[in-house]
Amino acid sequence: MIRLLLLAIVLVGGLIVGTTFADQQGYVLISVADTTIEMSLTTLVIFIAALIAGLFLLEILVKRILSVGNFTRGWFSARHLRKARYNTFKGMIKLHEGEWKEAERLITKGGRHNDFPLLNYLAAAEAAQGRQQIEQRDRYLQLASEQSDSTLAVALTSAKLQMREEEYERALATLQSVKVDYPRNPVLLELLKECYLALNEWQALKNIIHPLTKANLISEQQALELEEKAECGLMAFIATNKGTAGLLEHWNTLPKKLKKHVPVLICLIKQLHERKADSEAYIILRDNLKKRADDRLVALLPTLNLADYHPATVLLENMANYDVRNPVIQSTLGQLYMRTEKWQPARDHFEAALEVREDMSDYAYLARVLDKQNRKQAAADLSRKALTMVDDTE
């Protein structure tokens with residue numbers, strides 16, 4: 001706009017001067033070295049105006065040429081971007097279809113002209129692993145890690161891929177490298193849970209149960225089951241490394257609420273039994289059965305090797321008086337009487353259990369008792385019945 005205004009001023013000025021001095025044009029002499037140029041003042045004004053106009057036109061022409069170049073470059077750039085997006089899209093489809101080689105080719109091709117190639121590198125790593133090219137996978141992950149704001153995404157993707165190859169220790173190290181900065185990330189917590197379970201890292205698993213629950217990744221029931229599993233695993237580890245004394249010391253440090261969990265109590269009894277600490281196991285089992293009758297705990301009594309089964313028998317007889325039709329109590333009593341070779345009480349209790357529900361093990365136990373009582377035919381009949389039940393369950 002300023003240029004046009006300047007040109008107009010020059011032209012108008014030239015016309016005014018030319019009109020005013022029409023009869024007195026005068027002349028202008030320009031001398032450079034041996035060259036001289038003569039012209040009228042009006043001609044000089046017109047020449048200057050034309051020169052300025054020419055320069056303006058030249059500027060416009062140059063700008064047009066440059067704008068065409070920019071347009072051409074922009075068109076090619078947009079075309080490359082569209083092509084990159086298309087290749088990425090097709091590659092992702094191939095990735096989900098399991099065509100690893102084609103997926104890797106398309107995804108890496110799409111990443112060459114992509115403004116944000118992070119997703120391409122991560123997807124290419126998955127495709128490379130699908131082809132069992134682990135070194136190539138790690139190269140793609142390295143390229144992905146060089147992109148901005150990629151730390152968490154690369155760590156989570158790396159851990160997932162490592163876990164698929166059962167590289168749990170590497171996966172755990174990868175996850176721990178970002179755990180401090182992203183302690184509440186739900187994907188991170190879920191992957192940590194899987195790693196801890198695979199590596200039997202029971203204490204670490206217990207430590208993330210609350211964050212998992214708070215993030216709504218597991219229900220209250222799942223949290224309870226996970227805590228019981230972790231505690232059982234931890235007790236097995238302690239028993240292996242510190243023996244009975246260490247196990248009982250650990251048990252005494254547990255919260256009362258956790259001690260009441262029957263699955264945890266069962267794990268303790270089994271660990272003590274494996275280490276021939278059956279007397280200690282019986283005391284704990286007896287104290288808990290006095291507080292509540294639980295069939296799962298009752299069924300553990302015959303598994304213990306006790307010097308004297310009489311206290312356990314008395315305990316169960318008292319429980320049977322309150323729940324005479326409980327088949328687990330009746331069957332357990334029968335097994336304890338078998339241990340002490342009291343065949344008739346054993347028979348009575350097995351028969352009482354079988355009146356309530358048919359059970360293959362109880363039929364087999366009763367057949368042994370009848371055989372001890374020299375009732376061979378009845379024992380044989382029950383054995384056949386037990387075998388029939390086995391066939392029916394297969």
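**Labels and their grounds**

Guide: Lys276 is exposed, since its relative accessible area is 75% and the label begins over 50%. This is a predicted model.

Visitor: Where does Lys276 lie, and what is its phi?
Guide: Lys276 sits in the loop between α13 and α14. Its phi is positive, about 60°, although Lys276 is not a glycine. Most residues other than glycine have a negative phi.

Visitor: What makes Asn200 partly exposed?
Guide: The relative accessible area of Asn200 is 47%. Buried requires under 20% and exposed over 50%, so Asn200, at 47%, falls in between and is called partly exposed. Asn200 lies in the loop between α8 and α9, and this non-glycine residue also has a positive phi of about 60°.

Visitor: What does the chain as a whole consist of?
Guide: The chain has 20 helices and two strands. Of its 394 residues, 38% count as buried. Among contacts with a separation of 6 or more, 50% are accounted for by residues 24 or more positions apart.

Visitor: Which residues make the contact of α11 with α13?
Guide: From α11 they include Glu228, Glu231, Cys232, Met235 and Ala236, and also Leu247, Leu248 and Trp251. From α13 they include Pro263, Val264, Leu265, Cys267 and Leu268. By class, the contact of α11 with α13 has 13 nonpolar, two polar and two charged residues.

Visitor: How do you know that Leu265 is buried?
Guide: Its relative accessibility is 0%, and buried means under 20%, so Leu265 counts as buried. Leu265 lies in helix α13. Leaving aside neighbours within four places in sequence, Leu265 is in contact with Trp251, Lys259, Ile284, Asn288, Arg292 and Leu297. The C-alpha atoms of Leu265 and Ala281 are 9.8 Å apart, with the two residues separated by 16 residues along the chain.

Visitor: Is His250 buried or exposed?
Guide: His250 has a relative accessible area of 13%. The limit for buried is under 20%, so His250 is buried. His250 belongs to helix α11. Beyond its neighbours within four places in sequence, the contacts of His250 are Glu231, Leu234, Met235 and Ile238.

Visitor: Why are α14 and α16 called roughly parallel?
Guide: The axes of α14 (residues 278-291) and α16 (residues 310-322) cross at roughly 15° and come within 12 Å. The label applies to angles under 35 degrees, so α14 and α16 are roughly parallel to each other. The crossing of α14 past α16 is left-handed.

Visitor: Which residues meet between α14 and α16?
Guide: Tyr282, Arg286, Leu289 and Lys290 of α14 meet Pro311, Ala312, Leu315 and Met319 of α16. This contact of α14 with α16 has six nonpolar residues, two charged and no polar.

Visitor: How do you know that the span of α18 agrees with its number of residues?
Guide: Helix α18 (residues 343-356) has 14 residues, which at 1.5 Å a residue should span 20 Å. The end C-alpha atoms of α18 are 20 Å apart, so the two agree. Its buried residues are Ala346, Arg347, His349, Phe350, Ala353 and Leu354. Their cover includes α16, α17 (327-339) and α19 (360-372).

Visitor: What is the reach of α8, and what covers its buried residues?
Guide: Helix α8 (residues 186-199) also has 14 residues and reaches 20 Å from its first C-alpha to its last, close to the 20 Å expected. The buried residues of α8 are Leu188, Leu189, Leu191, Leu192, Lys193, Cys195 and Tyr196. What covers them includes α6 (151-164), α7 (168-179), α9 (202-207), α10 (209-214) and α11.

Terms used: Residues are numbered from 1 along each chain as its sequence is written. This is a predicted model: local features need pLDDT of at least 70, side-chain atom pairs count only at pLDDT 80 or more; totals for chains, interfaces and linings use all residues. Side-chain values use heavy atoms; hydrogens and water are left out. Contact means heavy atoms within 4.5 Å. Helices (H or I, at least four residues) and strands (E, at least two) are DSSP runs, numbered from the N terminus. Ala, Val, Leu, Ile, Met, Phe, Trp, Tyr, Cys and Pro count as nonpolar, Asp, Glu, Lys and Arg as charged, and the others, Gly among them, as polar. The expected span of a helix is 1.5 Å times one less than its number of residues. Buried means under 20% relative accessible area, exposed over 50%, partly exposed in between (1.4 Å probe, protein chains only). Axes are lines fitted to C-alpha atoms, for helices over the stretch in contact, and angles run from 0 to 180 degrees between N-to-C directions. Angles under 35 degrees count as roughly parallel, over 145 as roughly antiparallel, 65 to 115 as roughly perpendicular and the rest as oblique. A crossing is left-handed if the near helix is turned anticlockwise from the far one by less than a right angle, and right-handed if clockwise.
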